Amino acid sequence: MDDKNTNLSEFEIMKIKKRVRISVVKIGLFQSGIPRVSVMRKSIQGLVKATCLAGGMLSFSAQGEDLIEIYDLAFTNDPIFQSEFHEHEASKEIYNQAKAALLPTIKFDYSQTETSQDIVSSDNEVFSSGSTSYPTTEMTLSLTQSIYSYSNWAYFKQAKEDVKRVASELEDARQDLMMRTAENYFATLREYDNYIAIKSEVISLEKHFELVKQQREDGLARVTDELDAQARYMQAKAREVEIRNAFKDALQSLKEMTGEMPKSLVSLGFDLNLIEPNPIAPEEWVEKSRDNNPMVLAKRLAAAVAWQEVRRQKGGHYPTLDFVFSQNARETEGSLFGGGSEVDTQDMMLKLTVPIYAGGAVSSKVREAVELHNKAQDELKIEWRATERETYAAFDGVVGSIAKVEALQRSVDAYELGVEAKRTAYESGLTSSLSVLDAERDLFFARTEFFSARYDYLINTLRLKRAAGLLSVTDLKQINTMLLGQEQAFDVAIELLNKSGYRTSAQAVR
């Protein structure tokens with residue numbers, strides 16, 4: 001079993017159970033789904049509540065940040081999503097660039113020339129010698145309109161497909177942001193549960209160690225019992241350091257997304273309505289993934305873009321027809337051979353360009369584009385097969401998490417009864433201290449696995465929506481309703497973020 005597990009003293013659990021009332025939160029992530037588990041047992045409700053109440057250094061706060069608030073912060077501050085957004089804004093400009101190739105080009109040229117002339121020799125006796133200097137002003141307004149260009153139209157169609165592609169990639173980035181927010185949020189709560197549980201286990205094992213130590217001094221216990229109790233106590237202290245570090249790292253993961261350290265978070269409610277996926281057939285979810293997964297759509301559009309690139313390069317073999325109009329005004333103030341002049345010129349031209357030979361460059365570019373199109377098709381297959389696998393895995397994860405929560409719920413109940421029985425047997429001298437310690441450790445493992453399974457169910461549910469391309473803020477809000485209204489917000493203690501919170505093993509024993 002995993003070392004990162006939870007445990008509370010039975011005395012604390014029993015006190016909490018007396019104060020817990022059963023309440024049902026009928027909230028599901030699949031609105032038309034069929035609930036399999038609608039009410040957790042009272043003992044498990046007490047256990048969940050105890051996890052939040054047992055944190056001595058963590059105080060309650062009614063202003064905890066919930067999942068939606070964290071998502072809103074990440075939407076504004078997460079650098080990964082922001083970089084994707086700016087890439088989208090830049091990439092969609094390709095449409096305007098391609099459209100510009102189909103529109104007329106108008107330009108104005110102005111020049112001012114100063115000319116100096118010296119007559120070196122001349123057959124004209126009138127102008128046999130002399131020199132002069134005069135200015136020339138020239139202005140030209142020209143318009144060029146493409147009438148036919150196969151490459152330009154292929155480029156325009158390519159740009160329209162590319163805009164759709166970058167939009168799909170942005171949608172994928174948005175859904176990825178929601179998924180990462182939920183994963184980091186619940187990972188933090190998971191580590192918080194583990195931290196509170198290990199603190200409780202340390203306290204429980206410390207009390208047991210002190211009890212066995214006193215019994216050893218009174219001659220009622222063996223030295224091996226004392227050593228076993230001390231060893232288990234120190235193992236728990238070592239796990240406490242490990243879990244504390246994991247909790248701090250989970251908090252940093254939220255800061256990495258939002259840009260600020262959360263001072264408090266709202267934890268998962270007492271009751272969790274477990275609902276099977278709807279539709280219940282995994283093949284239907286796979287079909288949804290084929291039609292809606294944003295990365296599958298993006299790769300499909302990337303293949304279309306690559307095909308338009310093939311057409312654009314083939315256009316290098318075809319003729320182009322352009323219309324050119326120009327208006328020129330030229331003014332010369334004088335020269336050696338006469339006075340100044342002012343001339344206006346208008347030109348209208350139909351320009352047909354027929355490519356004949358370019359050293360094989362056009363054919364080479366076509367072959368290159370064809371291979372890149374084949375590559376894009378292969379990448380589409382890769383993405384689709386990966387998405388198909390992720391969809392099946394997420395579906396199995398949801399169904400498996402439901403069964404796992406149910407099984408671990410019963411497991412925790414059984415371990416609680418077993419620990420109580422072994423404690424009673426030890427006090428009566430019918431079992432060894434090691435047997436009690438083993439039971440405490442197994443209960444610690446079972447509780448942590450139970451808490452983890454609850455979070456796994458929520459995460460797998462979102463992953464299934466993510467794989468199908470259907471994940472939206474509405475799904476986060478539905479999960480958020482499981483957090484709202486529950487007085488379980490916790491303040492992050494400064495001690496957890498301060499290295500001075502660590503103690504040496506010798507100090508721990510004392």
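Which residue forms a salt bridge with Asp172, and how far apart are the closest N and O atoms? The partner is Arg466, with the closest N and O atoms 3.0 Å apart. Asp172 belongs to helix α6 (residues 150-217) and Arg466 to helix α11 (residues 433-467), so this pair ties together parts that are 294 residues apart in sequence. The model is a predicted one. The points below cover salt bridges, surface patches, backbone features and pairs of residues separated along the chain.

**Salt bridges**

- The count of salt bridges in the model comes to 18.
- Arg244 and Glu240 form another salt bridge, at 3.5 Å from N to O.
- Arg244 and Glu240 are four residues apart in helix α7 (residues 223-258), which means that about one helical turn separates them.
- Arg244 and Glu240 are both buried.
- Through salt bridges with shared partners, Arg244 and Glu240 are joined with Lys199 and Lys237 into one network.
- Lys92 pairs with Glu89 in a salt bridge whose closest N and O atoms are 3.2 Å apart.
- Lys92 has a relative accessibility of 32% and so counts as partly exposed.
- Glu89 is likewise partly exposed, because its relative accessibility is 28%, a value that lies between the limits of 20% for buried and 50% for exposed.
- As background, side chains of opposite charge can pair when their charged atoms come close.

**Negative surface patch**

- A patch of negative charge on the surface gathers Glu114, Glu331, Glu333, Glu342 and Asp344.
- Strands β6 (320-335) and β7 (338-353) each contribute at least two residues to this negative patch.
- Asp344, one of the patch residues, is located in strand β7.
- The relative accessible area of Asp344 is 55%, so this residue is exposed.

**Nonpolar surface patch**

- Ile106, Phe108, Tyr110, Met139 and Leu141 make a nonpolar surface patch of about 520 Å².
- Strands β2 (105-118) and β3 (131-148) each supply at least two of the residues in the nonpolar patch.
- The strand that gives the most to the nonpolar patch is β2, with three residues.
- Ile106 sits in strand β2.
- Ile106 has a relative accessible area of 58% and is therefore exposed.

**Backbone features**

- The peptide bond between Asn278 and Pro279 is cis, with omega about 10 degrees.
- Pro279 is in the loop that runs between β5 (274-275) and α8 (282-292).
- Helix α10 (residues 361-427) contains 67 residues.
- From its first C-alpha to its last, α10 reaches 91 Å, which is close to the 99 Å expected at 1.5 Å a residue.
- After α10 comes Gly429, and its phi is positive, near 80 degrees.
- For context, most residues other than glycine have a negative phi, and most peptide bonds are trans.

**Pairs separated along the chain**

- Phe85 and Glu169 are 84 residues apart along the chain, and their C-alpha atoms are separated by 9.3 Å.
- Phe85 is in helix α4 (residues 79-91).
- With a relative accessible area of 31%, Phe85 is partly exposed.
- Ala100 and Asn152 are 52 residues apart in sequence, with 9.4 Å between their C-alpha atoms.
- Ala100 is part of helix α5 (residues 94-100).
- The relative accessible area of Ala100 is 42%, so Ala100 is partly exposed.
- Val120 and Ser131 are eleven residues apart in sequence, and 9.3 Å apart in space from C-alpha to C-alpha.
- Val120 is placed in the loop between β2 and β3.
- Val120 counts as exposed because its relative accessibility is 77%.

Conventions: Residues numbered from 1 in each chain as written. Predicted model: local features only at pLDDT ≥ 70, side-chain atom pairs only at ≥ 80, totals over all residues. Heavy atoms only, no water. Patch = residues over 30% accessible without salt bridge, like charges linked within 9 Å, V, L, I, M, F, W, Y side chains within 5 Å. Areas by Shrake-Rupley, 256 points an atom, 1.4 Å probe, with all protein chains shown as cover. Salt bridge = Lys/Arg side-chain N within 4 Å of Asp/Glu carboxyl O. Lys, Arg positive; Asp, Glu negative; His and termini not counted. Charge placed at Lys NZ, Arg CZ, Asp CG, Glu CD. Buried < 20%, exposed > 50% of the residue type's maximum accessible area, 1.4 Å probe, protein only. Expected span 1.5 Å × (residues − 1).
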